[in-house]
Amino acid sequence: MRSVPTSPTRVLVVGGGYVGLNATLRLLHRLRPGEAEVTLVDPRGYMTYHPFLPEAAAGSIDARNVVVSLRRTLSHVGGGAEVVAADVVKIAHGDRTARIRCADGSERDLDYDVLVMAPGSVSRTLPIPGLAEQAIGFKTVEEAVHLRNRVLAQLDLAEASTEPDGRRRALTFVFVGGGYAGIEAIAELEDMARYATRLHRTIRPADLRFVLVEATDRILPEVGSRLGRYAVDVLRSRGIDVALGTTMTSCVDGRVVLSDGRELDAATIVWTAGVKAHPLLEATDLPLDERRRLVVDADLRVRGVAGAWGAGDSCAVPDLTRPGGFCAPNAQHAVRQARRLADNLLAQLRGRPTTDYRHTYAGSVASLGLHKGVAQIYGVRVRGYPAWLAHRVYHLSKMPTRSRKAGVLLGWVQAALFHREAVAMAALSDPFAEFERAARS
């Protein structure tokens, strides 16, 4: 008798970040013809390489080279994947259905057989008065571009102002959070702003006030205490006010109040104080832990749930190298988890045993601005120019697609051969204003 052909397994990938993109790529490369159909849903339609956001904000890299088109990357690999630009608003895994909302507000259901949860994380905020109205995050390329334009626009404002208090407020920049994002952002933007003062007649580098607020007694804990102290010394030597063991208690109307009793007016407040699991998980019937992360086993299957997988920042992935601990929410783990997830998903489809995710942390690299950095690589501490170079080489090697690698490299070459661009394009934050003024007139 002729066997009855079976329909391909429908795989739904939720999220197009590190895990979503890399897991989908690996699946497409290894799936047999007709074995499965892959659909990826992400509201933006592109993946952002977060380690390069600080350089995009400082203008060392073109913002378009920090993002990777999901459609372009996934359409020509294997059988290709369907990319849907929409928000997932609810998942009923018991029914194998995901409700999505398109940009026009319309909603529809997507049916699937196997679910891969990789929604990533969102900024972890606190109920601080004025935070939602005054601060800006640093997780998207849009925020990075906006922050660059805002810093440069404040320098233009201060140059034109004759009011001392307003000028001081414009030149004060407060960053909250001493992790990778906060340290690299303040270091790169301080470099950029100091360079930009050369183009202003009445602003000197000493007029700039950059303040870093960190609740604990150290920064960059991933690189170790010794390099963390070195990073503090480097930042302070550049005139950056590093306030350790300090929190921001209020920022209403830009009036920043710190727990050490200081108050200052700042036109720019940047919030980089950690991340939390994506709120989408609350709209699913999947198991969550006390921190509202998706509970997964070491092989990245959702615990106790058939046909569901998860990895990345929103998942509590057991760290087998540290019994009882969980993998840190960083790109190094996310990329490796994506590959293991894809391999295990394929193994299960083909009736083979899965393999637990195990990765010994190789180390950390962080930039402290142009030609300055810290790194701990397999226990070896590196600082200064070699660490900065290691940071660039490592992240360039991990940047998806050859075209984006080339774009980043060319941006560095251009920045090295020519002067920095220090032009504020503040109108990008409100592109309709000019036309509206013309229409009203």
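The following legends describe close-up views of a predicted model.

**View 1. Packing of helices H10 and H11.** Helix H10 (residues 385-398) packs against helix H11 (residues 402-417) at an angle of about 150°, and their axes are 9 Å apart. H10 is therefore roughly antiparallel to H11, angles over 145 degrees being classed in this way. The crossing of the two helices is right-handed. Arg392, Leu396, Ser397 and Lys398 of H10 are in contact with Lys405, Val408, Leu409 and Trp412 of H11. By class, this contact comprises four nonpolar, one polar and three charged residues.

View 2. Leaving aside residues up to four places away in sequence, Ala366 touches Tyr180, Glu184, Leu220, Gly373, Val374 and His391. Ala366 and Glu184 are 182 residues apart along the chain, yet their C-alpha atoms are separated by 6.9 Å.

**View 3. Salt bridge between Arg10 and Asp113.** The side chains of this pair meet at an N to O distance of 3.1 Å. Arg10 lies in strand E1 (residues 9-14) and Asp113 in the loop between strands E8 (107-111) and E9 (114-117), so the pair ties together parts that are 103 residues apart in sequence. Arg10 is partly exposed, at 34% relative accessible area, as is Asp113, at 29%.

**View 4. Salt bridge between Asp299 and Arg301.** The closest N and O atoms of the pair are 2.7 Å apart. Asp299 is buried at 5% relative accessibility, whereas Arg301 is partly exposed at 29%. Elsewhere, salt bridges with shared partners join Glu190, Asp191, Arg194, Arg238 and Lys372 into one network.

Key. Residues are numbered from 1 along each chain as its sequence is written. This is a predicted model: local features need pLDDT of at least 70, side-chain atom pairs count only at pLDDT 80 or more; totals for chains, interfaces and linings use all residues. Side-chain values use heavy atoms; hydrogens and water are left out. Axes are lines fitted to C-alpha atoms, for helices over the stretch in contact, and angles run from 0 to 180 degrees between N-to-C directions. Helices (H or I, at least four residues) and strands (E, at least two) are DSSP runs, numbered from the N terminus. Angles under 35 degrees count as roughly parallel, over 145 as roughly antiparallel, 65 to 115 as roughly perpendicular and the rest as oblique. A crossing is left-handed if the near helix is turned anticlockwise from the far one by less than a right angle, and right-handed if clockwise. Contact means heavy atoms within 4.5 Å. Ala, Val, Leu, Ile, Met, Phe, Trp, Tyr, Cys and Pro count as nonpolar, Asp, Glu, Lys and Arg as charged, and the others, Gly among them, as polar. A salt bridge is a side-chain nitrogen of Lys or Arg within 4 Å of a carboxyl oxygen of Asp or Glu. Buried means under 20% relative accessible area, exposed over 50%, partly exposed in between (1.4 Å probe, protein chains only).
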